[in-house]
Amino acid sequence: MADPKSSETTPLRAADKIRQTARELFYRDGIRAVGVDEIVARAGVTKPSLYRTYRSKDELTVAVLLESTETFWGYFDEAILAHPGDPRAQLLAFFAALAERTVQNDYRGCPLSNAAVEYPQKGHIARAAAQDHKGEVRQRLRDKARELGVANPEALGDALLLLLEGAYLTTQLFDTGRPSAEVGRAAAALIDAYRGAS
C-alpha cells in the first residue's frame, strides 16, 4: 500500500522546484522573456504539475515576487535586530549590506522593481505585488526616519527610498565600478544632513 504522506508531499516538492526555477530564470532573463515550457523543462517537471499549483504564469510570477519580498525583509530585519534602539545604525547597516550585495557580478537589481518595469499596465497582479511591497518599504523607511527625530521624516524616508532604488537600477547599467558601492556612505550623509536640519 502506498504511503499517503508521499503523495501529499510530491506536489509540494514539484511546486518548490517550479518556483525556484522560475525565480532564477525571471531574475536572470526577465519575466516576460521566460515561457512556461522553459520553466517546466528546467525544473524537470510536467506542465500539469505547474498548473496544479499555479493557474497561470502570472500567478506563478506573483508567488516568486512574494518570495522576493520575504528575502528583502529578511535583510531589513537583520539590520534592525543587530542594532536595537539605534535607528541610525539600523539604517546604515541595511544600506552597507545593500552596497555589498549590489556589487556582485550576478546582481540584477530588485526583482520587484524589475517587475514593475516589465508590467507597466495598472492593475496587473505582478505590478500590484511590486507596488504593495514598495509602498511598505516606503512606510518602513519613513517610520525609521521618524524614530531619528528629524523635522521631516516623510522627506527623509522618501530620499532613502530614492537611494535604494538608484542602487538597484545602477547595478544594471554598470558592469564594473558600480555606483551602488557608495550607497552606504550616501545614506549616512543623507541621514546626517536631515538630522542637522532639525
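Analyst: Helix H8 covers residues 153–170, and its 18 residues should span 26 Å at 1.5 Å a residue; its end C-alpha atoms are 26 Å apart, which agrees. The expected span is 1.5 Å times one less than the number of residues in the helix. Helices here are DSSP runs of H or I with at least four residues, strands are runs of E with at least two, and both are numbered from the N terminus. The model is predicted: local features need pLDDT of at least 70 and side-chain atom pairs count only at pLDDT 80 or more, while totals for chains, interfaces and linings use all residues. Residues are numbered from 1 along each chain as its sequence is written, and side-chain values use heavy atoms, with hydrogens and water left out.

Buried means under 20% relative accessible area, exposed means over 50%, and partly exposed lies in between, with a 1.4 Å probe and protein chains only. An α-helix has 3.6 residues a turn, so residues three or four places apart point the same way. A contact is counted where heavy atoms lie within 4.5 Å.

Two of these covering helices, H4 (residues 57–82) and H5 (residues 87–102), pack with their axes 7 Å apart at an angle of about 135°. That makes H4 oblique to H5. Angles under 35 degrees count as roughly parallel, over 145 as roughly antiparallel, 65 to 115 as roughly perpendicular and the rest as oblique. Axes are lines fitted to C-alpha atoms, for helices over the stretch in contact, and angles run from 0 to 180 degrees between N-to-C directions. In this pair, Phe72, Tyr75, Phe76, Ala79 and Ile80 of H4 meet Gln90, Ala93, Phe94 and Arg101 of H5. By class, the contact of H4 with H5 holds seven nonpolar, one polar and one charged residues. Nonpolar covers Ala, Val, Leu, Ile, Met, Phe, Trp, Tyr, Cys and Pro; charged covers Asp, Glu, Lys and Arg; the others, Gly among them, are polar.

H5 also has a buried side, which packs against H4, H7, H8 and H9. Its buried residues include Leu91, Leu92, Phe94, Phe95 and Leu98. The 16 residues of H5 should span 22 Å at 1.5 Å a residue, and its end C-alpha atoms are 22 Å apart, which agrees.

H4 packs with H7 as well, at an angle of about 15° and with the axes 9 Å apart. The two helices H4 and H7 are therefore roughly parallel to each other. Among the residues making this contact are Val62, Leu65, Trp73 and Phe76 of H4 and Ala129, His133, Val137 and Leu141 of H7. By class, the contact of H4 with H7 has 11 nonpolar, three polar and six charged residues.

As for the whole chain, the secondary structure comes to nine helices and zero strands. Its C-alpha atoms fill a box of roughly 70 × 35 × 30 Å, taken along the principal axes. Of its 198 residues, 42% count as buried. Among contacts with a separation of 6 or more, 66% join residues 24 or more positions apart.
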